[in-house]
Amino acid sequence: VTNVEFLRADAQVHAFDTATFDLAISRFGSMFFSDRPAAFTNIASALRPGGRVALLVWQATARNEWIMVVRESMAAGRDLPMPPPGAPGPAALADPDDVEALLTGVGFEAVELTSFEEPLWFGADADAAYAFVGGIGIVKGLSEGLDDVARAEAHEKLKAALRSHETPEGVRF
């Protein structure tokens with residue numbers, strides 16, 4: 001393929017050439033922008049007229065079984081508050097009305113949002129799933145502040161939760 005360019009950059013601040021791209025894609029990244037209006041304004045300026053943006057984002061925290069299982073496993077006796085609405089993080093773009101207002105507010109037209117609720121595959125078995133999940137940001141963040149014993153117990157609880165989601169097709173949530 002000769003008419004495709006891949007560019008990895010911080011969309012909030014990268015000096016994109018104006019009206020250069022036909023499509024901008026974010027797969028589980030755009031909800032971490034600290035300044036969403038600036039980022040989406042910048043992305044919009046980089047798109048040609050008629051250009052599109054495609055975003056894959058998580059739904060609300062409580063609607064993501066895997067996030068809730070991780071939170072419960074890693075709580076280690078702590079009362080973990082839910083993230084505030086709109087705060088940078090997995091569920092920052094979970095509210096369809098907010099997302100539509102954000103995107104139309106920075107100039108996108110014909111905003112279309114589609115909800116997908118499909119099982120997620122985390123690995124062939126619990127060990128493979130833990131090798132993946134054990135290193136992601138939410139687990140790292142929830143491990144902070146725990147002493148060595150509490151951290152080890154929380155990780156064991158997470159491993160057990162992953163084992164409880166094993167199926168013949170792998171670990172699924």
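Where is Ala110 found? Ala110 sits in the loop between α3 and β3. The model shown above is predicted. This report starts with a few single residues, then turns to helices and a sheet.

**Residues with a positive phi**

Ala110 has a positive phi of about 50 degrees, although it is not a glycine. Its relative accessible area is 77%, so Ala110 is exposed. Ala19 also has a positive phi of about 50 degrees, and it is not a glycine either. Ala19 lies in the segment before β1 (21–27). Ala19 counts as partly exposed because its relative accessibility is 34%.

**A buried glycine**

Gly89 belongs to the loop between α2 and α3 (96–105). Is Gly89 buried or exposed? Its relative accessibility is 8%, so Gly89 counts as buried. Leave aside the neighbours within four places in sequence, and Gly89 is in contact with Met31 and Phe32. Asn3 is 86 residues from Gly89 along the chain, and 33 Å separate their C-alpha atoms.

**Helix α2**

Helix α2 covers residues 65–74. Seven of its ten residues are buried, so α2 is largely enclosed by the rest of the structure. The buried residues are Trp66, Ile67, Val69, Val70, Arg71, Ser73 and Met74. What covers them? The cover includes β3, α4, α5 (137–143) and α6.

**Two helix pairs**

Two packed helices are described by the angle between their axes and the distance between the axes.

| Helix pair | Angle | Axis distance |
|---|---|---|
| α2 and α6 | about 145 degrees | 8 Å |
| α4 and α6 | about 130 degrees | 9 Å |

Take α2 and α6, whose axes are 8 Å apart. On the α2 side, the contact is made by Val69, Val70, Glu72, Ser73 and Met74. On the α6 side, the residues are Ala154, His155, Lys157, Leu158 and Ala161. By class, this contact has six nonpolar, two polar and two charged residues. The crossing of α2 past α6 is right-handed.

Now take α4 (residues 126–133) and α6 (residues 148–163), which pack at about 130 degrees. That angle makes α4 oblique to α6. α4 passes α6 in a right-handed crossing. Which residues make the contact of α4 and α6? From α4 come Ala126, Ala129, Tyr130 and Val133. From α6 come His155, Leu158, Lys159, Leu162 and Arg163. The residues of this contact divide into six nonpolar, one polar and two charged.

**The sheet**

Three strands form an open sheet, and their order is β3-β5-β4. The pairing is antiparallel. Which strands stand at the edges? They are β3 (121–123) and β4 (166–167). Each has a single partner strand, so one side of each is left without a neighbour in the sheet. β4 pairs with β5 (residues 170–172) over two bridges, in the antiparallel sense. Glu166 stands opposite Val171 in β5.

Helix α4 packs on this sheet. The helix touches β3, β4 and β5. The direction of α4 makes about 100 degrees with that of β3.

**Putting it together**

Helix α4 packs with α6, and α4 also packs on the sheet. Helix α6 packs with α2 too. Both α4 and α6 are among the elements that cover the buried residues of α2.

Key: Residues numbered from 1 in each chain as written. Predicted model: local features only at pLDDT ≥ 70, side-chain atom pairs only at ≥ 80, totals over all residues. Heavy atoms only, no water. Axes fitted to C-alpha atoms, helices over the stretch in contact; angles between N-to-C directions. Helix = DSSP H or I, 4+ residues; strand = E, 2+ residues; numbered from the N terminus. Parallel < 35°, antiparallel > 145°, perpendicular 65-115°, else oblique. Left-handed = near helix turned anticlockwise from the far one by under 90°. Contact = heavy atoms within 4.5 Å. Nonpolar A, V, L, I, M, F, W, Y, C, P; charged D, E, K, R; others polar. Pairing = 2+ DSSP bridges. Buried < 20%, exposed > 50% of the residue type's maximum accessible area, 1.4 Å probe, protein only.
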